[in-house]
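Let's take a friendly walk through this model together. Please have the sequence and the 3D view open as you read.

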Number of protein chains: 2
Amino acid sequence: MSTTVSPLAPKKYPKMPAIPGVRMATAEAGIKYRNRTDLLAMVFDEGTEVAGVFTRSKCPSAPVDFCRANLPGGRARLLVVNSGNANAFTGKKGRETTAITGKAGAAAAGCQPGEVFLASTGVIGEPLDAGRFAHLLAGMVKDATADFWREAASAIMTTDTYPKVATVTVKLGDADVTINGIAKGAGMIAPEMATMLSFVATDAPIAARVLQALLSGAVGKTFNAITVDSDTSTSDTLLIFATGAAEKRGAPRIETRKDPRLAAFKRGLGKVLKSLALQVVRDGEGARKQVEVAVTGAKSARSARRIAMSIANSPLVKTAVAGEDANWGRVVMAVGKSGEPADRDRLSIWFGDNRLAFEGERDPGYSEEATSAYMRRQDIRIRADIGIGRGKATVWTCDLTKEYVAINGDYRS
Amino acid sequence: MSTTVSPLAPKKYPKMPAIPGVRMATAEAGIKYRNRTDLLAMVFDEGTEVAGVFTRSKCPSAPVDFCRANLPGGRARLLVVNSGNANAFTGKKGRETTAITGKAGAAAAGCQPGEVFLASTGVIGEPLDAGRFAHLLAGMVKDATADFWREAASAIMTTDTYPKVATVTVKLGDADVTINGIAKGAGMIAPEMATMLSFVATDAPIAARVLQALLSGAVGKTFNAITVDSDTSTSDTLLIFATGAAEKRGAPRIETRKDPRLAAFKRGLGKVLKSLALQVVRDGEGARKQVEVAVTGAKSARSARRIAMSIANSPLVKTAVAGEDANWGRVVMAVGKSGEPADRDRLSIWFGDNRLAFEGERDPGYSEEATSAYMRRQDIRIRADIGIGRGKATVWTCDLTKEYVAINGDYRS
């Protein structure tokens, strides 16, 4: 864990309201780290519905397998998360660990193992000994409290330099419902999945299959639109829990995704996920700048997304941003290497409001001075207009600094 | 240009024999660099045949367009290469520059502009002024000499820290023929193309269409099997020139790719290309280690190649190698993120001869000490056996160090 906090850390944290039906506890299980919490239990009242999305890795962790197996049940009473060890590529031992933890958790929460959800983050390939923490769960469930979101977010950190939380309150029918979320990120962050670990809870009474549709719909423009290093984790897990507690206060129970009363909730969920996703980018390993990459004028939205990711994952673009160098030639390179339809002579590129390239060559009005001043900012926007269609996409990344190499050159040893 | 030579530089250079029919000259045109050569003219005797492969970038440089247009003619009399400016994304001005250079070159060599080939390497997006060097060509053609390969390789360097040359002599029929090659690399090096610039010449009498078949066949396991940073250049150009001078010494003229007398030449060409490709990897920006990634047991050769590239391009794998950390969990991650068919529980991983993971979990015989000792070597071999088929592929890369970030954070400014 880094001792220096990212310069992009939030200046202040939102006050996280309690979610009726959700209680939390953390513990120092000493799994890998010393003198910090590394275990989180999140306890849900009876009737809580759950939905989730997971890594698309072909080598998923044992907890991902465990959650995938439980998800069709749609019900959750307990979430157990540990940091320091991912329980990934741990074979039969890994499955034993999730089984033991599931059983101990079920006994602690008075539920079925099928209502327990697990996530682990940290080193890959080291066996995770459930004996380190399974005995702690009963006490944690007993002591769990509602006003504990910051502490929960801290317990799941690995190389993160700050805890990541987000909250919104929206109308569902005439009742206020709240959506709280936490996340951890830092490295091994790449698209096409629900990056690393994020847990969202709401008191809205929404059926599991509707939650699932909302979640799957929201990740494309949030967690799946960020990348730190193009490396997709074996453990990525995003879960949402809906306790339904707001039903007592008059919130309507939602049973279909087409329900028009969902509009505000859907926007609110998108906001929470986007806030968490950007916090993950802003705490990317070694990050000193956030980079927004917007592609317009591509052949299709899918093509625009691929071009945007080609730019956002290019080591040469990312090191140029780190060096505060408006090296738009590398953006041309990244458009070209994406393999997507493009026409060199129609391509235009902006850094912020500075148009550097226009219709296939350097913009005649290009000002090195203005652009250099822009590059010294903390938030950089790169836009590429491909000029051949109407497809567009926006993704977010961070710069690639020497600190990324330093952090990852000695993370495990 | 770096002042520190890569620790992976060749301990000694081969003596490069003259190729009858090829002469070279270099000059200090002051295009970007000072106090070094940045212009190369390679002059070929009448009757020289040519073949080439180029970047698959959708935004290729003006010289790539120029070469592609001339290649169907199959004849070459002059190659002009400059470093310091890539003449890429330079629009109409870029095409004017190649036209002027082509004409000046043709006048100097007494040939048609269609027999002139051009390559440029350096910064993207800056107009390249042909006035800087077109007037030098006549003198260079006049002064060109045969024993000048090292000097030629030096003139085309950008962030390279050493010149790259290779040579073999093989039998064609009963005659000896020689194949010489030079290359430049360093950054923006990625697969699916003929990386950066490489020029090969031979005195073998081989028809252009046969040369083309040989070259296209050889790049898959040489230049297209290396990656420094996954970033595909706009300028990648690999050209081979066959002067045919050995015909006078009894070498048979080869008109068909099926000619059995080609076997030794084909092997020799593969050797030269592989030597140059590995020299490019070993001079990757900031490189301190060479990494060979071998994938076996994949569903197909194509699938094996994709998995190998996923490993070789992973920033987390490459930083682990830089940190001398046998972090095989990141190899699992890279196999998983490739999206190719894999079964976590059949996967095995080796670093050198040390098997670290076997059938889905850490190898019981794993020795941290032996593996750590292995990781301190300069040449690292990673092998992943997917365990589901017979597809295999080998690719090469280098580690990702802080120096890569430093070099690319201030290359342009």
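## Terms and ground rules

A residue is called buried if 20 or more other C-beta atoms lie within 10 Å of its own, exposed if 12 or fewer, and partly exposed in between, with C-beta atoms placed from the backbone. Helices (H or I, at least four residues) and strands (E, at least two) are DSSP runs, numbered from the N terminus.

This is a predicted model, in which local features need pLDDT of at least 70 and side-chain atom pairs count only at pLDDT 80 or more, while totals for chains, interfaces and linings use all residues. Residues are numbered from 1 along each chain as its sequence is written, and chains are lettered from A and ligands numbered from 1 in the order in which they are written.

## Helix α9 of chain A

Let's begin with α9(A), residues 328–337: 10 of its 10 residues are buried, so the helix is largely enclosed by the rest of the structure. Among them are A:Trp328, A:Arg330, A:Met333 and A:Lys337. What covers these residues? The cover includes α7 (301–312), α8 (315–322), β11 (348–351), β12 (354–358) and β14 (379–385) of chain A, together with β5 (116–123) of chain B. Contact here requires that the C-beta atoms of two residues, placed from the backbone, lie within 7 Å. After the helix comes A:Gly339, with a positive phi near 80°.

## Where the two chains meet

Chain A brings 54 residues to the contact, and chain B brings 54 residues. On the side of chain A that touches chain B, the elements giving two or more residues are α2 (91–109), α8, α9, β13 (361–362) and α11 (402–409). Of these, α9(A) gives the most, with 7 residues. By type, this side of chain A divides into 21 nonpolar, 20 polar and 13 charged residues; Ala, Val, Leu, Ile, Met, Phe, Trp, Tyr, Cys and Pro count as nonpolar, Asp, Glu, Lys and Arg as charged, and the others, Gly among them, as polar.

Now turn to α11(A), whose buried residues are A:Tyr404, A:Val405, A:Asn408 and A:Gly409. Seen down the helix axis, they fall within an arc of 120°, so they line one face of α11(A); the arc is that of the directions from the helix axis to the C-beta atoms. These buried residues pack against α8 (315–322) and α11 (402–409) of chain B.

## How the copies are related

Two copies of a chain are related by a rotation about an axis and a shift along it. Here, a rotation of 180° with 0.0 Å of shift along its axis superposes chain A on chain B, with an RMSD of 0.0 Å. That is the relation of a two-fold axis. The superposition is by least squares on the C-alpha atoms of residues with pLDDT of at least 70 in both copies.

Which residue of chain A comes closest to the rotation axis? A:Lys402 does, with its C-alpha at 2.4 Å.

## A covered strand and the whole chain

Strand β3(A), residues 49–54, is mostly covered, with 6 of its 6 residues buried. One side carries A:Glu49, A:Ala51 and A:Val53 and the other A:Val50, A:Gly52 and A:Phe54, and both faces are covered. Strand β9(A), residues 237–242, runs antiparallel to β3(A) and is joined to it by 6 bridges; strands pair if DSSP finds at least two bridges between them. Within this pairing, A:Val53 has A:Leu238 as its bridge partner.

Stepping back, chain A has 11 helices and 15 strands. Its radius of gyration is 22 Å, close to the 22 Å that the globule rule gives for 413 residues, so chain A is as compact as a globular protein of that length. The radius is taken over C-alpha atoms, and the rule is 2.2 Å times the number of residues to the power 0.38. Of the 413 residues of chain A, 61% count as buried.

## Two loop residues with positive phi

Most residues other than glycine have a negative phi. A:Glu359, in the loop between β12 and β13 of chain A, has a positive phi of about 50°. With 15 C-beta neighbours inside 10 Å, A:Glu359 counts as partly exposed.

B:Glu324 has a positive phi too, near 55°, and sits in the loop between α8 and α9 of chain B. B:Glu324 is partly exposed, with 19 other C-beta atoms within 10 Å.
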